[in-house]
Amino acid sequence: MKFNLSLLGLALLCANAHAAKPNLEFSDVFQFKSAEGTVLSEHGQFLGLSAQPYRGDGEGQLYDLETQKLIASVERGTKPTFSKNGAWVAYTQVPSLLAKETNNKEEKAKLKNTLILINTETLSQLTFDAAKDFQLSDNGKWLAYRHDMEENKSQDADKDTPETKEKVEDAIKADKGDKTYTLSLVNLYTQQRIELENIAQYQLAPNGTGVLINQQSTDGKDNQVGFYDLTSQKQSSLINEPGVTLGAIAWQPNGKQVAFYQGNYVNDDIRRRQYQLQLWSIEQNGLKTIATTDNWFSGKTATLTWSDDNQRLYFDTRPQLEAKIKEKKYSDESSLYDFDTIRAQKGLKVWHNQDPEIKPREQITWKESRRDKHFKAVFHIEGERVVQLETPEVASVSLNTNAAFLLASDDKPYLKQTLYEGFYRDYYAVNISNGETKSIVKKIQAVPTLSPTGEHAAYFKHDHVWLKSLSSGKETAISKAVKQAIFADDRHDYPMPNEGYGFAGWQSDGSTLYVYSKYDIWAFDTQTLAAKRLTNGYQSQTQYRVEYKDADKLGFSDTERLILRAHNLQNKQTHIALLSLDTGKLETVLNGEARFDVITKAKNADRFIITKQDYHTFPDFWVTNANMVSPKRVTNLNPQQGTFAWGQKPELVQYKGFDGEDLQGVLIKPADYKQGDKVPVVIYFYRYMSQRMYDFPKMELNHRPNFPMFTSNGYAIFLPDIRFEIGRPGPSSTQTMINAAQALIDMGVAHPDKIGLQGHSWAGYQSAFMVTQTNMFKAVVSGAPVSNMTSAYSGIRLKSGLARQFQYEAMQSRIGKTLTEAPELYIENSPVFFADKVNTPILIMFGDNDGAVPWQEGIQYYLALRRHDKDAILLQYEGEPHHLKKFPNQVDFSIRMMEYFDHHLKGKPAADWIIQGEKYQPES
């Protein structure tokens, strides 16, 4: 009996311990960490990351993957960087959060980063204060870094004398943003330090032989480009020229040659200043100018990239720009009355119906790309040949420095149609050996794929996969002959062409194209066009996709073993499988009720970092090999997570879409849920959500509910899949949502009078519309909703400068017709026209600097609801974009959201702002 009582007591103790788990509070969310800047040393022995809490100071962490132990840490350490040999890892130590939050703007500018280096063998640490930037040699011997303090100007510059004024006027001025700093070169093993003054640009040779520098004098007259030899510790001058400056610098991977752009400040027109491409050899101590096409030149923003085999240098060039138009300014009495001079001071933009882009878009593309637009070219070391790859006619290549053929595209023919049709391009194949361009396909949205040999290309069009021979031009719809697979996305519900499921890649010799169907990976022989299914996803409703692909490889070898992601579309589990291309063997190696992901691989070792996650399991890092067997846990970033009441195990709920389609949603019951309880439910949605069944929730506060905050505090969270009908997105999504919510009621989980909706952007629109059609929901929080499609149709997405018409005619808003073709559809799908039908309390949230949805859409809905005396509140977050970015606003909205649902779904007393709002009453 005594033994039995002890067992009973133990059981009660365990039950009480379980019950004693505290509920999450908003302050608890601050402490949850995520891994940022994750990087593996190239030989796979070490893992570096920055463990960053949602609010607070992070910690740089270094792990030994042999022992899976944390071996070193750096307070406030960020952006880990390993030397190529893994001997050192560098962390940038940022100022504390307290210092950043308590200092004014001027004082913040004085806060500096500190560079911390850790010796991975001894774990000793070296500290370098006020480091602006740094570079490590591949062998880990040398560190180069600049001190984040501008060089002192000449004392003479402060003296207001005729002589100093003449010197200033006579000086060759650097560009406004170009500053000089002291460069320190540190031998990390002997601690020898070499300092070079007035360094504007530098690049350490990867093999540590020396550093290329651009040294500038105060007046610019003694500027030079030099090389500091770290062996002899002597500096030599390569170019000694008043005003000389450098653009990009790039060392050959083997460290034998360095390429750089040479310019001169004498030309103070930065856009038109010519930068000459130079190549300098250490061994020959020779400087070579690389000539480009006549009347073409490189500008200040031009980039440089070497191929891994040291044989090709990719650079940027562009045609000569037109002469700058001289500005007319008032200069004398007569100029005050000169019409040309007066009109030159106007503020005007002319919008013309034949413009390829509307003015807001034109302004943004000018700033982001066209103002400094360059065209990619390549210099072949062997034969010393320059080949132009991009041209004004074919203006964009996808650069892979190891490829002999590049995929190129051009969107200029379709810029005007972008406003209403969406984004289309013409695609080409470019031969890097001679610049020859061959057309692949015209006017297409889905990106094609190009074989490594340049013999074939494939693309998806008219609901089929097409293979094109680039030599003969013959095109074949190779998927037509495959009857037992789905290649056109069967969940596509947009009024635009279907883009299919995409491509897995090519055999490296171009003999095989690997294509995704809905479930499987298919191999198509490019000569016989025979198709072979490589996976068995069709039978199990598992979707196989290549999970990890070496970015440096152009194709698969015929004996390669592919690492696949296997996502079951029914139970939502995501496993890892291995597929051997030579034997056809398919083996699932990581499985279970979870989601597995391959995060990264060591460049030169058989070592992978993977994660495993579910609603209760944070995706910590595990280490394994290519066989994916016996993974070992490395990190434990959030041990506190298990101490909180978190929520029940997620479960899938079945229901019907608006048209009878079988759909699923993820239900997470509250932590203290008991069988038979009918609980308040917050439904968060967008489009498809059930794939999140095994996702660990993001522990942050923003425009969406923090799921554990709700499931820890008495709510169920429901994430339903939503489907749409073209022309009727509002009614179709509403009926789907009603069906989903009714399924929860029928299960006996949801209290029918305690169901709320929360959606943002597209889901904000849906939630705003749904309450005009049904009284099923007792409270709605709608973020950034479109309320009036007739006004939003011709609105502007301020962030991109695009008109919003394409969203309605071809994309997400799914009307499929112009406003003039079908005004009734725009009205029928607009919440504002049915504001009088709303009986549900609604909280609308907008940032008044929203670059995606005009925030006036929120005002329209609020005013319409207000006019009909509906229970509506609008939260206007000042200066915020489409998603809240400022931490105080993220926290504020999260708290208000909870307070709003607590009042309307739980019956808690309303917060003052819910009852009476907040007065505008600034004190200054």
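Helices here are DSSP runs of H or I at least four residues long, numbered from the N terminus. With that settled, here's a quick tour of this predicted model. The protein carries 18 helices and 54 strands. Its radius of gyration is 31 Å, close to the 29 Å that the globule rule gives for 924 residues, so the protein is as compact as a globular protein of that length.

**Overall build**
- Along its principal axes, the C-alpha trace stretches over about 90 × 85 × 70 Å.
- Take contacts between residues at least 6 apart in sequence: 56% of them link residues at least 24 apart.

- Buried residues make up 52% of the 924 in the protein.

**The cavity**
- Rolling a probe the size of a water molecule over the atoms shows where empty space is left.
- Here the count is one cavity of 30 Å³ or more, and the largest cavity has a volume of about 40 Å³.
- Around the largest cavity sit Phe26, Arg704, Pro705, Asn706, Met709, Phe710, Ser894 and Met897.
- Two helices, H10 (707–711) and H17 (887–906), each give at least two residues to the lining of the largest cavity.
- Sorted by class, the lining of the largest cavity comes out as five nonpolar residues, two polar and one charged.

How values were computed
Residues numbered from 1 in each chain as written. Predicted model: local features only at pLDDT ≥ 70, side-chain atom pairs only at ≥ 80, totals over all residues. Heavy atoms only, no water. 1 Å grid on protein atoms, 1.4 Å probe; cavity = no way out; pocket = protein on both sides within 12 Å on 5 of 7 lines; lining within 4 Å. Points joined across faces, edges and corners; volume = space filled by probe spheres on them. Nonpolar A, V, L, I, M, F, W, Y, C, P; charged D, E, K, R; others polar. Rg over C-alpha atoms; globule rule 2.2 N^0.38 Å. Buried < 20%, exposed > 50% of the residue type's maximum accessible area, 1.4 Å probe, protein only. Contact = heavy atoms within 4.5 Å.
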